[in-house]
Amino acid sequence: LYELGIKNVICIFGTQISSKQLAFLIKCAPKKILVSLNNEPGNKSIGEVAAKKLVKLLNNYFNEETIHLALPPEKDFLFCLESESGKNSLDQWREKWLNH
């Protein structure tokens with residue numbers, strides 16, 4: 001993510017944010033939150049389902065306009081950086097989420 005220009009990241013290492021991570025995020029009061037868990041449609045969309053739950057949780061603490069469901073364009077960001085198709089789709093993702 002740092003290579004994509006995203007320098008403020010909380011890695012949840014799973015599908016749920018911890019109470020300490022949530023407290024830290026609230027304390028930081030960010031202007032924009034991108035929820036980007038893995039995007040694996042062939043795996044029961046676990047990442048997308050968890051990301052939607054996380055967005056719903058964050059809506060309890062932040063303004064709705066602050067939180068955005070922004071799944072990686074393919075599997076995950078490392079996969080995108082390592083594959084040609086992923087690199088192209090990352091450019092579109094970056095334009096949509098980082099330049100606005």
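**Helix 4 and its setting**

Asparagine 99 lies in the segment after helix 4 (helices are DSSP runs of H or I with at least four residues, strands are runs of E with at least two, and both are numbered from the N terminus). This asparagine has a relative accessible area of 48% and is therefore partly exposed (buried means under 20%, exposed over 50%, and partly exposed in between, with a 1.4 Å probe and protein chains only). Between the C-alpha atoms of asparagine 99 and serine 36 there are 16 Å in space, against 63 residues in sequence.

The model is a predicted one, in which local features require pLDDT of at least 70 and side-chain atom pairs count only at pLDDT 80 or more, whereas totals for chains, interfaces and linings use all residues. Residues are numbered from 1 along each chain as its sequence is written, and side-chain values rest on heavy atoms, with hydrogens and water left out.

Helix 4 has the lowest confidence, with a mean of 84, while helix 1 has the highest, at 96.

Which residues of the chain bring their rings together? The count comes to 1 aromatic pair (rings of Phe, Tyr and Trp, the last by its six-membered ring, pair if their centres lie within 6.5 Å; planes under 30 degrees apart count as stacked, over 60 as edge-to-face, and the rest as tilted). The partners are phenylalanine 77 and tryptophan 93: their ring centres are 5.0 Å apart and their planes stand at 70°, so the arrangement is edge-to-face. Phenylalanine 77 belongs to helix 3 (residues 77-82) and tryptophan 93 to helix 4 (residues 84-97), so that distant parts of the chain, 16 residues apart, are linked by this pair. Both phenylalanine 77 and tryptophan 93 are buried.

Asparagine 60, in the loop between helix 2 and strand 2 (67-69), is exposed because its relative accessible area is 59%. Its C-alpha atom is separated by 28 Å from that of leucine 4, which is 56 residues away along the chain.

The loop between helix 1 and strand 1 is the place of lysine 32, which counts as partly exposed because its relative accessibility is 33%. The C-alpha atoms of lysine 32 and lysine 44 are separated by 28 Å, and these residues are 12 apart along the chain.

Alanine 29 lies in the loop between helix 1 and strand 1 as well. Alanine 29 is not a glycine, yet has a positive phi of about 50°. Phenylalanine 13, again not a glycine, likewise shows a positive phi of about 50°. This phenylalanine is found in the segment before helix 1. Is phenylalanine 13 buried or exposed? Its relative accessible area is 76%, and it is therefore exposed, whereas phenylalanine 77 of the aromatic pair is buried.

Note on methods
pLDDT = per-residue confidence, 0-100.
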